[in-house]
Amino acid sequence: MVARKKHYRPAGKKKEGNAARFVTRSQAVKQLQVNLPLFRKLCILKGIFPREPKKKVKGNHHTYYHLKDVSFIQHDPLVQQMRDIRAYGKKVKKAEAKKNKDRAVILKQRRPTYKLDHVILQRYPTFIDALRDLDDCLTMVHLFACLPAIEDRIEVKCIQNCRRMSHEWQAFISRTHKLRKVFVSVKGIYYQAEVKGQLITWLTPHPLQQVLTEDIDFNIMLNFLEFYKALLAFVNCHLYRSINVKYPPILDPQLEAFAAELYALSRYFDASSWSSELDPQVSSLPGTGKVAESELRLAQLQHQLPSNEPGALMGLVEHIPGEDEEDNDTMVCKGLFKDMKFFLNREVNRESLLFVIPAFGGIVSWKGDGAPFEEDDNSITHQIVDRPLQHELCEGRKYVQPQWVYDCVNAKKILPTRDYLAGRELPPHLSPFVDPKEEGYVPDYALKIEQWKAAEILPLPDVGKEDLEDPQDIADIEKAKEAAKNEKKLKALQEKYFEGLKEEINGVPASSSISKTDNQISAKSTEDREESDPDYEQISRDNDERHLKLMTKKKRGLYEAMKKGKERKQENVEVIKKRKRNLKASQKTRDG
């Protein structure tokens, strides 16, 4: 038998396997001939991430990239544009070093730029793909919209652009009534909207002064933000054109100066729909674009739409071409706060409520410059407050806390206002993103809301807690009804059985003794059967053990992890129930 020769490859020859498919980060930087910060930026813009090969040829302390990903970056025109920008920056530095200020100013004005249009098209071939990847984009843009400007780190222009784009997105969602869920948490406010059948969830920070620490790498965050701004601009443009609204919007400078950009965008929507409905045939003729734009500017500058007109707020025009009015959820959201007029006090989160209330069909104003109507308007139905009232109450107006708006939005029903009045202790704010049935614990307030929704007739807003039925009492009543039904069924079966026995006795009198003996035998057999009944729990346990032994190691590990997860969830439920019992006991002792 001839021994097989060992395969030997000389040094410098072609590689195979993981050594040929993966390269380290330093090798990728050398191949692209760029520095490390620029390589990181290119990877972020192109969507390239490190890989984890099964066999790490260079060792575990290296970061690996696929060779095809590196070549994908290498053939992109962005690489050459970045090199040109870097070389141009050296020219500017050289002019400044020679104290040639005029040349340095001219060079800065002619600094080359680049666009990310082709990158957006490569990463998202369809519009639905862009919507699916919009969660992180919206969260990052809303975060930077609330940050303060820092010299040499975050520019003012960057923050202004983020604020403008976030308001454009919110204005579209509010105008088309696509908002579905809102949850106020410690981290911020979570929103969920449904656009083109895709659920988009994002987080916005609370309107508080942000404190930035030194350990944050803003360069990487700004690289992500650069790509996200380009993506959101494309998405906003496509969405605005889908409802026949020109993008970018033309805003009223006076409202912008009053920091009422969202209301200015609502007026822009109204003016756009007004101009399109005024004479659609004239607007389609050539040469009328400038006229329409000038009329739109006049309308936005409050020459044709008065600032105190409530109907100019957040999409009260009846028909917009391109709106999907067949969606049931949209119709429910559109009419939730219908015929309701809200006024916001200074202490509440104005931007959040200006976004949420019009998205569900309400009319809203605030205390400050640029407001559509004042506090003394008699048509106001609800006033949102978050502090104890220090002035006289207006008749026919309900003073509620902001949580009432969010709870009504999540329940899709108008809840009673008694528990949410100013100065009252609020009920728990339940998360709409958690299914209580899957978690194994349903809070009492969630049960109460579900009963109101099931009844389809909500209690009046002025009805108090004492007039409402306790959920525990309702559950007991349902159990009693089920028990009564079962008793009726058992009685009916017993009556049928006794009637059958009577017929047998009356029809066959000779065989009555035989039937008695048969009954005795059957009674004995049933007793023996009851005594010899197997332990079903033990049988199920044995079957589980048998199936567990037949499983593979991987499936067995997954099964054990599932069991541990269920046990952990049950432990959490027991902890919550124990806390609830302790709280009730402490309340009883306090009342007693």
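Start by selecting arginine 180 and histidine 177: a polar atom of the arginine 180 side chain lies 3.1 Å from the backbone oxygen of histidine 177. This is a predicted model, in which local features need pLDDT of at least 70 and side-chain atom pairs count only at pLDDT 80 or more, while totals for chains, interfaces and linings use all residues. Residues are numbered from 1 along each chain as its sequence is written, and side-chain values use heavy atoms, leaving out hydrogens and water.

Stay with arginine 180 for a moment. Is this residue buried or exposed? Arginine 180 counts as buried because its relative accessibility is 6%, and buried means under 20% relative accessible area (1.4 Å probe, protein chains only). Now show what surrounds this side chain. Leaving aside residues up to four places away in sequence, arginine 180 touches several residues, including Gln192, Glu194, Asp327 and Asp329; contact means heavy atoms within 4.5 Å.

Next, colour the strand that holds arginine 180, which is E3. Strands here are DSSP runs of E with at least two residues, and helices are runs of H or I with at least four, numbered from the N terminus. E3 belongs to an open sheet of three strands in the order E3-E4-E5, with antiparallel pairing; two strands pair if DSSP finds at least two bridges between them. The edge strands, each pairing on one side only, are E3 (179-184) and E5. From one strand to the next, the twist averages 15 degrees.

Zoom in on E3 and E4 (residues 189-195), which pair over five bridges. Which residue in E4 is the bridge partner of valine 182? Select tyrosine 191 to see that partner.

Now for the rings. The structure holds 15 aromatic pairs. Rings of Phe, Tyr and Trp (its six-membered ring) pair if their centres lie within 6.5 Å; planes under 30 degrees apart are stacked, over 60 edge-to-face and the rest tilted. One of these pairs is tryptophan 202 with phenylalanine 355, tilted at 40 degrees and 6.4 Å centre to centre. Tryptophan 202 sits in strand E5 (residues 198-204) and phenylalanine 355 in helix H17 (residues 350-359), 153 residues apart. Both are buried.

Finish with tyrosine 240 and tyrosine 247, whose ring centres are 5.3 Å apart. Their planes stand at 70 degrees, so this pair is edge-to-face.

Notes:
Buried < 20%, exposed > 50% of the residue type's maximum accessible area, 1.4 Å probe, protein only. Axes fitted to C-alpha atoms, helices over the stretch in contact; angles between N-to-C directions. Polar contact = N/O pair within 3.5 Å; in protein donor to acceptor, adjacent residues only side chain to side chain.
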